[in-house]
Amino acid sequence: MARTTTPKPARQRDTVDTRPTGPEHAGGDFNARGRAALKDEFLHDSLAMAQTRLAGSRTATLAALPDAPELRERAYAIKQDVIAHLDTYLERLADAVERASGHVHFASDGADAITYISGIVARRGARTIVKSKSMATEEIELNHRLEELHPGLEIVETDLGEWIIQLRGEPPSHIIAPAVHLNRFQVAETFSQVAGEPVPPDVEDLMQFARRRLRQKFLAAEIGISGANFAIAETGTIVMVTNEGNGRLVTSLPPVHIAVVGIEKLLPRVADLSVFLQLLARSGTGQKLTVFTNLITGPRRPGESDGPEEFHLVLLDNGRSQILGTEFDEALYCIRCGACLNVCPVYRQVGGHVYGSTYSGPIGAVITPLLKGDAAAKDLPNASSLCGACWEACPVGIPLHDLLLKLRNRETREGLAGRDQSLLFAGFAQAMAHPAAYRLGAAAGRIAQAPFISAGSIRRAPRPADRWTGTRDLPPIAGASFRDRWKEGI
Ligand code: SF4
């Protein structure tokens, strides 16, 4: 394999001297980041507006789809089949991609994927890479690693939201709306730093600036890297659904296209696509269909006027196969629509950066400990009220609240639950198992709470309950138990 190592002159890069200030940079763990986010009023306004808009549109478009419940059941059944027979479908997919003159690489982890892609970068002597639509590459920190391995290489995110946060040095804060935490004034400030002159905070001006700037990158790029929403085993086709035209440019303009796709993104047949396309956009953004639906099968064929010379499909495991066959494998049914984030009361309060992971919200709280290990993300399964809104919103019917509960159980078995939490629940279990202890505990609680009750609520409690009353009232233990009231004839 020939390698091109001839140095090329350095080119101007679009970067901004921004010291990130988002809650993810507050340091500490989930709770520390969460406390910082709770003080950010602007963040709350942005999240509330986005959640209300996205969840409202979703409800309206799904209500207009009479067979939505049946589609949801079919989507679950298809994903159940895919995950149960993943090895077979992966082989089928790889064969189909190779028949279409593409290359397939099974990457066991991020390092494996990066080594493979780095080889292509070196062989092609690439200096500019344009990217689109890939959470999997965020997950393995591809940009950062490739830039380390290839000094002078410029990697440019071309989805508008992704580009904005790349310029600001921030991670995405939402699966489908990575810059949801920013307003147009902040975006204008960032663009002005890139431009070296003021860019007005007007949406049209901001779009025009991004378009002009990114177009140069598309034309210069030797490699385009994308993700995919689905990979179809039957035909070796990858499917990208987007609302921006950049996906088409990334996958067709540079001479090399590399798609980095999690192994769980498979669909068996082209016919299955109609089920998921009807659900995906409606669940994520409330659209009937996204503006672009791209189906890509292999590189450019003889006689075709556009498309890449080389197509590489990198199928990323990175911990996914360890989830197969466990009580958690429904987590692999996820199609990354973002609907669970849009209804989650916890996400609404703190936003995505607080999760400290590529994947945020309810699915992030489930998938992150499964991929990274419980010790690395032990707070996330506890960042939920278990209200079940995420499960109701999920177009594939993933029981996220059940999975969160199972993860909490696993943490306890592994000895990762906090000491206070373990003591509290051990005491609660004893009290529930022994009526006399329950009555004694309730009577002691009534006496202890008396000095803190004001206007029927506990507004400020001593430690450890102050962590609750710091942000909301605590209902006091009732003056008489149900049993006592029953005895007295209620
Ligand atoms: S868990 Fe369900 S609702 Fe959440 S992103 Fe995945 S598919 Fe969408």
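This is a predicted model: local features need pLDDT of at least 70, side-chain atom pairs count only at pLDDT 80 or more; totals for chains, interfaces and linings use all residues.

Q: What angle do helix 5 and helix 7 pack at, and how far apart are their axes?

A: The angle is about 50 degrees, and the axes are 10 Å apart. Helix 5 covers residues 110–124, while helix 7 covers residues 142–149. The crossing of helix 5 past helix 7 is right-handed.

Q: Which residues make the contact there?

A: From helix 5 you get Ile114, Ile117, Ser118 and Val121. Helix 7 brings Leu142, Arg145, Leu146 and Leu149. By class, this contact of helix 5 with helix 7 has 6 nonpolar residues, 1 polar and 1 charged.

Q: OK, moving along. How do helix 15 and helix 17 pack?

A: Helix 15 (residues 361–372) packs on helix 17 (residues 400–413) at about 40 degrees, with the axes 10 Å apart. That angle makes helix 15 oblique to helix 17.

Q: Is the crossing of helix 15 past helix 17 left-handed or right-handed?

A: Left-handed. On the helix 15 side, the contact uses Pro362, Ile363, Ala365, Val366 and Pro369. Leu400, Leu403, Leu404 and Leu407 come from helix 17.

Q: And what classes of residue are in the contact of helix 15 with helix 17?

A: There are 9 nonpolar residues, with no polar and no charged ones.

Q: What about helix 18 and helix 19, what's the angle there?

A: About 120 degrees, with the axes 5 Å apart. Helix 18 is residues 419–433 and helix 19 is residues 435–449. At that angle helix 18 is oblique to helix 19.

Q: Which residues of helix 18 and helix 19 meet?

A: Gln430, Ala431 and Met432 in helix 18 meet Ala437, Tyr438 and Gly441 in helix 19. That contact of helix 18 with helix 19 splits into 4 nonpolar and 2 polar residues, with no charged ones.

Q: Switching to the ligand: which residues come nearest?

A: Cys334, Cys337, Cys340, Ile363 and Cys394 do, out of 15 residues around the ligand. Ile363 also turned up in the contact of helix 15 with helix 17.

Q: How does the shell around the ligand divide by class?

A: You have 13 nonpolar residues, 1 polar and 1 charged.

Q: Last one. Where are the domains, and how far apart are their centres?

A: The domain assignment puts domain 1 at 65–321 and domain 2 at 424–487. The C-alpha centres of domain 1 and domain 2 are 51 Å apart.

Terms used
Residues are numbered from 1 along each chain as its sequence is written. A residue is near a molecule or strand if its C-beta atom, placed from the backbone, lies within 6 Å of it. Ala, Val, Leu, Ile, Met, Phe, Trp, Tyr, Cys and Pro count as nonpolar, Asp, Glu, Lys and Arg as charged, and the others, Gly among them, as polar. Domain bounds come from an automatic or database domain assignment. Axes are lines fitted to C-alpha atoms, for helices over the stretch in contact, and angles run from 0 to 180 degrees between N-to-C directions. Helices (H or I, at least four residues) and strands (E, at least two) are DSSP runs, numbered from the N terminus. A crossing is left-handed if the near helix is turned anticlockwise from the far one by less than a right angle, and right-handed if clockwise. Two residues are in contact if their C-beta atoms, placed from the backbone, lie within 7 Å. Angles under 35 degrees count as roughly parallel, over 145 as roughly antiparallel, 65 to 115 as roughly perpendicular and the rest as oblique.
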